[in-house]
Structure formats: structure tokens, C-alpha cells
Amino acid sequence: MLPLFPLELVVYPGEQLPLHIFEDRYQQLIRDCKAEGIPFGIPAYIDKKLAYGTELTLTSIEKEYPSGAMDVLCLGKRVFKIETFYPELSGKLYAGGKVTYFEEDANTAMSLQEELLQHITTLYTELTIERPPVFHTPFTSYQVAHKVGLSIAQEYYLLTIHNELERLMYLIGHLKGTIPVVREMNRTKAVIQMNGHYKNFDPLDFEDYHL
């Protein structure tokens, strides 16, 4: 039985997640994880539904407050699907569930990673972001997924894909669709900014024009 901490966010394997814990039930969960050395899960609460999530381990308790609240660091481990959900585990304040873990296909392709990096560089150039994130191959789709402008629904969909090659192709497809939209927005912004400014037009040559 896996203790569960549902949140409206998507956590990926390998991701370091800082959390501020203030509810009594989750303070109890963190204390149990520390005392018993057990993991817990964060299933993504999307459209009022729970299905997929990521198992995490407690890395450290960074700060404790007089109220009982705490700041903690956790590390994402592996993806799961909830088979049975219990709003409260026996004798506990927090939820839990029976879960099935993914059989992960981690095969990847350097060419897809390099193509994805090229698209990410183009996106950040179009967005004129001065300090884009730096990624070095090899990397995983999970490491870049939060950095390419996915909606939470798209992040969640990525979490449900079991195959690394498919995840890389999904991200590449997303950027191929996003970059032209960003370019058009930049063009529209430039046109709007020109409104009201003096315009310098090149003279037109009508010598060869006939009605």
C-alpha cells in the first residue's frame, strides 16, 4: 500500500521536488516516511480524477516551523497507476492506494535528443529568454518536460507514455507546433508596436505600371 499525496501537478522520475507541508495529514505522512523509510506517491489530480502519478522518496527535511509545518525535499523515482484508492489509510489521516508500477522502456536515440535540443534552443531564442536552460546529451524526456511550455494536461499525457522514444517524439511534435505560433505572436507584437510610429517607406517605382 503506497501513501498518497494528490496534487494538481505532474512530477517526473528524477525530478527533485521542494514541498511546503502544512496540512496535518501530510505532516503525518512525512513523519511516517522519515521514521519508517518508506516512499509515498504524488498522483496528478487532473479534471477531478486520479490515475497516474510518481513515487517519491523523502530526501531531507529542510526546515520545521513551530506550527508543525515543514519544508522538505523529495526525489521522483518511478511512475505508477492507481488500481484502488483509499481516502484514508487505516489509522492514518492521509490517503493511500494499491498501485501498479510501469515497466519502463528506457531505450533512446541520440539523434532524437539532438533534434529536441535544437527545437528547445529555437523556442528560447524566439522567446528572447536570456538564460535558457542548458541540457547536455544524453538526457531524458523527463528532464526537459517542464521546460518546453507543456500544459498540465500535456505533462500528464507524457507521464502516461511508457516508452522513452515515444516521449521524445511527443516533445518534438509539441515544439514543432509551438514555435510557429510563438513566431506569429512575435510578428503580431512587432506590428502592434509600430502603430503610431513614423514609418519610412521605400519609394515605389510605377514607370512600368499600366492599367
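Biologist: In the hairpin of β4 and β5, which residue takes a positive phi?

Modeller: Gly68 does, with phi near 100 degrees, and that hairpin has 5 residues between its strands. This is a predicted model, where local features need pLDDT of at least 70 and side-chain atom pairs 80 or more, while totals for chains, interfaces and linings use all residues. Residues are numbered from 1 along each chain as its sequence is written, and side-chain values use heavy atoms, leaving out hydrogens and water.

Biologist: How do β4 and β5 pair?

Modeller: Strands are DSSP runs of E, at least two residues, and helices are runs of H or I, at least four, numbered from the N terminus. Two strands pair if DSSP finds at least two bridges between them. Here β4 and β5 (residues 70-86) run antiparallel, joined by 11 bridges. For instance, Tyr52 has Lys81 in β5 as its bridge partner.

Biologist: And what about β3 and β4?

Modeller: β3 (residues 40-46) and β4 (residues 49-64) are antiparallel too, over 6 bridges. Ile46 is bridged to Lys49 in β4. With 2 residues between the strands, this hairpin has Asp47 at a positive phi near 55 degrees.

Biologist: Now Glu164: buried or exposed?

Modeller: Buried means under 20% relative accessible area, exposed over 50%, partly exposed in between (1.4 Å probe, protein chains only). Glu164 is buried, at 4%. You'll find Glu164 in helix α5 (residues 164-194).

Biologist: What does Glu164 touch?

Modeller: Contact means heavy atoms within 4.5 Å. Leaving aside residues up to four places away in sequence, Glu164 touches several residues, including Asp105, Thr108 and Phe139.
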